[in-house]
Amino acid sequence: MKNTLENITLPSLGFDSFGYSPVAQKNSQSITGRAIIQRGQMLDGRPITLEGARNRSWITRETANQLSELRIKFEPLTLIFNGQTYKVKFDLAQADHLVINHVMGEQLYLEKIKLIEVLN
């Protein structure tokens with residue numbers, strides 16, 4: 001099964017799909033001291049972090065350039081990962097939203113991509 005981001009083939013990356021809860025909760029206290037618990041379904045903004053490693057996530061310089069260029073697109077990108085399709089954008093609020101490391105020569109490895117799932 002091929003994993004892609006906007007038709008760019010991704011190397012072997014990990015995806016922790018269990019680290020996110022689609023329900024958010026906020027606890028506060030009323031002026032009488034009673035607990036106020038607000039819960040709601042998250043509609044947008046699921047973080048998706050794809051992580052690689054030096055021994056398995058090698059990419060070419062061309063692929064690194066293609067991934068880097070995707071960061072400036074305003075419209076949602078299509079991520080296909082393990083047969084699931086997601087509409088995503090780069091999480092540009094994170095300094096490490098795209099981490100590509102140089103091993104030696106032309107060998108690069110994709111260490112991390114931080115994305116946010118969006119509805120439209």
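# Briefing: a salt-bridge network and its setting

D96, K112 and K114 are linked in a network of salt bridges. A salt bridge here is a side-chain nitrogen of Lys or Arg within 4 Å of a carboxyl oxygen of Asp or Glu. The count by this rule is two. The model is predicted: local features need pLDDT of at least 70, side-chain atom pairs count only at pLDDT 80 or more, and totals for chains, interfaces and linings use all residues. Residues are numbered from 1 along each chain as its sequence is written, and side-chain values use heavy atoms, with hydrogens and water left out.

**Overall chain**

- The protein chain has one helix and 11 strands. Both are DSSP runs, numbered from the N terminus: helices are H or I with at least four residues, strands are E with at least two.
- Along the sequence the pattern reads β-β-β-β-β-β-β-α-β-β-β-β.
- A box of roughly 65 × 25 × 25 Å, taken along the principal axes, holds the C-alpha atoms.
- Of the 120 residues, 31% are buried. Buried means under 20% relative accessible area, exposed over 50%, and partly exposed in between (1.4 Å probe, protein chains only).
- The accessible surface is about 8100 Å², and 50% of this belongs to carbon and sulfur atoms. Areas come from the Shrake-Rupley method with a 1.4 Å probe; for residues, only the protein chains shown count as cover.
- Take the contacts between residues at least 6 apart in sequence: 64% of them join residues at least 24 apart. Contact means heavy atoms within 4.5 Å.

- Strand β10 spans residues 98-104 and strand β11 spans residues 107-117; they pair in the antiparallel sense over six bridges. Two strands pair if DSSP finds at least two bridges between them.
- L98 stands opposite I113 in β11.
- Two residues lie between β10 and β11 in this hairpin. G105 in the turn has a positive phi of about 60 degrees.
- In a regular strand the side chains alternate between the two faces of the sheet.

**The salt bridges**

- K114 and D96 meet through their side chains, at 3.0 Å from N to O. This pair links distant parts of the chain, 18 residues apart: K114 sits in strand β11, D96 in the loop between β9 and β10.
- K112 also forms a salt bridge with D96, with the closest N and O atoms 3.5 Å apart.
- K114 counts as buried because its relative accessible area is 18%. K112 is buried too, at 16%.
- D96 has a relative accessible area of 25%, so D96 is partly exposed.

- D91 lies in the loop between β9 and β10.
- D91 is buried yet has no salt bridge. The nearest side chain of opposite charge is K114, 6.7 Å away. For charge, Lys and Arg count as positive and Asp and Glu as negative; His and the chain ends are not counted.
- Leaving aside neighbours within four places in sequence, D91 is in contact with H97, K114, L115 and I116.

**The β1-β2 loop**

- E6 is in the loop between β1 and β2. N7 is in the loop between β1 (4-5) and β2 (8-9).
- E6 is not a glycine, yet has a positive phi of about 50 degrees. N7, not a glycine either, has a positive phi of about 65 degrees.
- Most residues other than glycine have a negative phi, and most peptide bonds are trans.
- E6 has 28% relative accessibility, so E6 counts as partly exposed. N7 counts as exposed because its relative accessibility is 72%.
- N7 and L92 are 85 residues apart along the chain, and their C-alpha atoms are separated by 21 Å.
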